[in-house]
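Biologist: I'd like to learn how to read a few features in a structure like this one. Could you walk me through it?

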Amino acid sequence: MLIRALVSLALLAGSGASQTFAASPAPASNVLEITLDQAKVERVPTGTATLIIGNPAVADVTMLKGGVGMVITAKGYGQTNLIALDNSGVILDERQVRVDPAHTVLVVQRGDARASYSCNPWCMPSAQLGDDAKVFSEIGGQVQMRNGWAQGAPK
């Protein structure tokens, strides 16, 4: 009877330890941190043939020629995963991608309306995710018009 109790305790202790390990957060080195609207170049494992991004609204990924690197572009706030596969579909690597806001953005809240300003070193209006729809569309329209002029589009 005493032996059964000891074996049961050992099994419970062992299963508890494995549950704690499984619930642990991913190591920090497994997370690629990228600032919104920025791109980052990273190496890929040797033999990578395919890259898969979990949520393309958060980030985009493009393999570089030669298959030695990739460019990850941050598109929206949040976290998603990135998987590298070889030609046979074997997983070579899986990492988390976290998109954070820029640290040089000043947010002004006026009631329900929010407006963002990029401050590096001077503050200028900047359309950011989460801004008031009117502010966002006005700034976005100005940016599109300016880009059109820069590309030689008719006025």
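Predicted model: local features only at pLDDT ≥ 70, side-chain atom pairs only at ≥ 80, totals over all residues.

Biologist: Which residue forms a salt bridge with Asp100?

Modeller: For a salt bridge, look for a side-chain nitrogen of Lys or Arg within 4 Å of a carboxyl oxygen of Asp or Glu. Here the partner is Arg98, with the closest N and O atoms 3.4 Å apart. Arg98 also meets the side chain of Glu33 in a salt bridge, at 2.8 Å from N to O.

Biologist: How many salt bridges does the structure hold?

Modeller: There are 5 salt bridges. One of them pairs Asp131 with Arg114, with 3.0 Å between the closest N and O atoms. This pair also links distant parts of the chain: Asp131 lies in the loop between strand 10 and helix 2, Arg114 in strand 9, 17 residues apart. Asp131 counts as buried because its relative accessible area is 10%. As for shared partners, salt bridges join Glu33, Arg98 and Asp100 into one network.

Biologist: Now for empty space. How is that found?

Modeller: Rolling a probe the size of a water molecule over the atoms shows where empty space is left. In this model there is 1 cavity of 30 Å³ or more, and the largest cavity holds about 60 Å³ of space.

Biologist: Which strands each supply at least two residues of its lining?

Modeller: Strand 6 and strand 7 do. Among the lining residues are Leu82, Ile83, Asp93 and Glu94. By class, the lining has 7 nonpolar, no polar and 4 charged residues.

Biologist: What about the largest pocket: how much space lies in it?

Modeller: About 150 Å³. Its lining has 3 nonpolar, 6 polar and 1 charged residues, including Thr35, Asp37, Ser118 and Gln128.

Biologist: Last one: which residues make the nonpolar surface patch of about 250 Å²?

Modeller: Tyr77, Leu129 and Phe136 make that patch. Phe136 is in helix 2 and is partly exposed, with a relative accessible area of 36%.

Note on methods: Residues numbered from 1 in each chain as written. Heavy atoms only, no water. 1 Å grid on protein atoms, 1.4 Å probe; cavity = no way out; pocket = protein on both sides within 12 Å on 5 of 7 lines; lining within 4 Å. Points joined across faces, edges and corners; volume = space filled by probe spheres on them. Nonpolar A, V, L, I, M, F, W, Y, C, P; charged D, E, K, R; others polar. Helix = DSSP H or I, 4+ residues; strand = E, 2+ residues; numbered from the N terminus. Patch = residues over 30% accessible without salt bridge, like charges linked within 9 Å, V, L, I, M, F, W, Y side chains within 5 Å. Areas by Shrake-Rupley, 256 points an atom, 1.4 Å probe, with all protein chains shown as cover. Buried < 20%, exposed > 50% of the residue type's maximum accessible area, 1.4 Å probe, protein only.
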